[in-house]
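Keep the sequence and the 3D view open as you read.

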Amino acid sequence: MPIQRLLVTQFRNLLQVDVQPSPDINLLYGQNGSGKTSLLESVYLLSLGRSFRSHKIKPLINESASELTVFGKSSAASIGITRPRRGDSQFKVNGSRIASLAELTRSLPVLVINSDTFRLIEGGPKERRQLLDWLVFHVEPGFFITWKNASRCLKQRNAMLRRDRIPYAEFHPWDRELAGLSQLLADYRCCAFDQFKAVFLSLVEEFVQIESLTVELEQGWDTTGNLLDILEQHFDRDKKQGFTGTGFHRADIKIKVGSHKAEEVLSRGQQKLLVCALILAQCMVFQQTSGKNCILLVDDLPSELDDKYQTLMVNWINKLNCQVFVTGVDVLALSEPWGKMVDRDIKVFHVEHGEIKHEERLALSETE
Ligand SMILES: Nc1ncnc2c1ncn2[C@@H]1O[C@H](COP(=O)(O)OP(=O)(O)OP(=O)(O)O)[C@@H](O)[C@H]1O
Ligand SMILES: [Mg+2]
């Protein structure tokens, strides 16, 4: 479901932008501060209802404007977002206000690779868990409601833990529910993870020789035991720390080389390539399982990967039949790895002072 038209007004330095992207590959180049990342952000906003740079929408409104708007049209849906400086955001899909942001995400699945994504391996479990949950959300219809119920239950349990003198007996019904929902989420995650793992490892094997690389899902508790019993056993510890230390919310993807954590032995370049493989595996499994296409945003690839790794990355992306937006400062560095993709529809846009112009001549020809 590629975006056919994107209209953006008063979004950071993008005052009025109207682009008709290629359903295939879109290369956006321009100087620092010209508005490249802002354009990717506007597409991300259409999918997630927030930016990848900030959880607040207000900083996205142009500093001299009273509201921003983003409108995106794909063959499947039209999505419109308005955010006034004072007041709440309005999200519409096909002209109707939506009840939950999940509707946006379902209408326009978007994945992003940027400098933050490259911290996926060395960072904490939250981002890796979110990576898997994005996939599970899209491929397992029951996941979202189960996750919402489990999160509500967890919040209630944590609030009770912080109150004094509540005996364990009063926790028991909550724990039973939390344990049941955690197990359901674990089953959903496990199913999607098995497919994800196979695709991820085959991608990596194809291009990088990393001996004894393993990737495993940890569900957030010792699954040889029963979570209900574990919650009871750890009740005193949880009470002392004021939050629940075991359950679905502690799941993680462990990436190791032999017995070492990946970040302890791999070079920065290898780690970055692994991160790309994680995101592209997510994209591939999503497309295979749902039969839909997703949109891939890649911010400033040339500054993140050297030429060899960029070419590998471009080869991977080329296997995906999805719409891609890639940014970079230098048009030649950006275009070079795409030069061999003769069968792809590549559009080049020049971003300058918040204006975006489609270049008729393909910048690729300059590289020949
Ligand atoms: N709310 C805002 N109102 C007006 N301008 C803003 C706002 N927020 C950010 N900007 C400006 O918008 C410009 C575009 O930023 P953006 O991050 O999109 O640039 P970029 O092309 O990705 O640059 P780089 O190559 O350095 O990553 C910057 O000059 C930034 O200072
Ligand atoms: Mg940028």
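A residue counts as buried under 20% relative accessible area, as exposed over 50%, and as partly exposed in between (1.4 Å probe, protein chains only). By that rule, Phe235 is buried, with a relative accessible area of 9%.

This is a predicted model, in which local features need pLDDT of at least 70 and side-chain atom pairs count only at pLDDT 80 or more, while totals for chains, interfaces and linings use all residues. Residues are numbered from 1 along each chain as its sequence is written, chains are lettered from A and ligands numbered from 1 in the order in which they are written, and side-chain values use heavy atoms, with hydrogens and water left out.

**Aromatic pairs**

Rings of Phe, Tyr and Trp (its six-membered ring) pair if their centres lie within 6.5 Å; planes under 30 degrees apart count as stacked, over 60 as edge-to-face and the rest as tilted. The count comes to 10 aromatic pairs. Two of them are set out here.

| Pair | Centre to centre | Angle between planes | Type |
|---|---|---|---|
| Tyr44 and Phe52 | 5.2 Å | 80° | edge-to-face |
| Phe171 and Phe235 | 4.8 Å | 65° | edge-to-face |

The pair of Phe171 and Phe235 links distant parts of the chain, 64 residues apart. Phe171 belongs to helix α5 (residues 168–207), and Phe235 to helix α7 (residues 235–241). Helices (H or I, at least four residues) and strands (E, at least two) are DSSP runs, numbered from the N terminus. Phe171 is buried, at 0% relative accessibility. In the other pair, Tyr44 is buried at 9%, and Phe52 is buried at 12%.

**Cluster and charges**

Phe137, Phe144 and Trp147 make up one aromatic cluster. A charge sits over a ring if NZ of Lys or CZ of Arg is within 6 Å of the ring centre and within 35 degrees of the ring normal. Arg106 places its charged end over the ring of Phe137, 4.2 Å from the centre.

Two strands pair if DSSP finds at least two bridges between them. Which order do the 3 strands of the open sheet follow? The order is β9-β10-β11, with antiparallel pairing. The edge strands, β9 (213–218) and β11 (260–261), each pair on one side only. Strand β10 (residues 252–257) and β11 share 2 bridges. Val257 stands opposite His260 in β11.
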